[in-house]
Amino acid sequence: LYCVMSPFVPLGAILGATQYPTLSLVLPTLEELKRKIAHVHVTDPLVESVRDVILDVIEERWFTRVPGAAAKTAFFDPRFKKLTFLTNNDLRNLVLDELQSEYNVVKAQNPQPDAAMEDVTPPEGPGPIGSFFGHVTAGARLLIGDRSNMGEWEWYQRLNEIHGDADVFKWWQARKHYFPNLFILAMRYLCIPASSIPSERLFSSAGNLVSEKRTRLQGDTIEQILFLKSCIKYQEFNCILDFES
């Protein structure tokens, strides 16, 4: 039973990380979780039935319905943009058709000239996400070829997926002038958090702040204190850089 449940350990670390992963990780992570659990060698009939129930629940809850926002967000994550986690081709094509329609609307509203493309992908070291998806993205790099007058929609789909531990937002920020219209859609979808953990942490911080001895705090003051708390780590980082320089 331990072997069946052990793949859940890195899953919690990935989806519950303090860096607040986006919705793009949910479906690829669950598909990889299914693969890992299904390949566990089981001899006990009871454990085997538990494993089968887990697989059935994941499949029924996440992969037998129209995937919607979770799959669309994954398309804008260059680590999973091929949507290989959707084994149902009809569902994958449905997601791509809907996204292309949204892209065409944005493109009509914001006509942009196509820019030449260069490879500016930095090498990535090993990390928790890359290790979890090792057989899929380990060592993958963004390979650039001849654009051949393709539009940004076609060209983005032709690019290889990148390393699992790459920073998705840095990737898009470095290429927003190559994919101006897709960048608008990417920022619209990638801002969706993977879970409710960020809001739960905020509620917990607020509960620690507003105690029996601090009942006269105004709402604006509480909001400002919580905001400053969330910025402390960045301020500490800047102080370290200033000290070292």
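Helices here are DSSP runs of H or I with at least four residues, numbered from the N terminus. The model is predicted, so local features need pLDDT of at least 70 and side-chain atom pairs count only at pLDDT 80 or more, while totals for chains, interfaces and linings use all residues. Residues are numbered from 1 along each chain as its sequence is written, and side-chain values use heavy atoms, with hydrogens and water left out.

Helix α2 covers residues 8–15, and L15 lies in it. L15 counts as buried because its relative accessibility is 18%; buried means under 20% relative accessible area, exposed over 50%, and partly exposed in between (1.4 Å probe, protein chains only). Contact means heavy atoms within 4.5 Å. Not counting residues up to four places away in sequence, L15 touches P21, L25, V26, T29, A194, S195 and I197. The C-alpha atoms of L15 and T29 are separated by 8.6 Å, with the two residues 14 apart along the chain.

K34 belongs to helix α3, residues 26–38. At 13% relative accessibility, K34 is also classed as buried. Beyond its neighbours within four places in sequence, K34 contacts L55, I58, E59 and F63.

S205, A206 and L209 of α12 are buried. Seen down the axis of α12, its buried residues fall within an arc of 100°, so they line one face of the helix; the arc is that of the directions from the helix axis to the C-beta atoms. F203 and N208, on the other side of α12, are exposed.

Definitions and conventions. Helix = DSSP H or I, 4+ residues; strand = E, 2+ residues; numbered from the N terminus.
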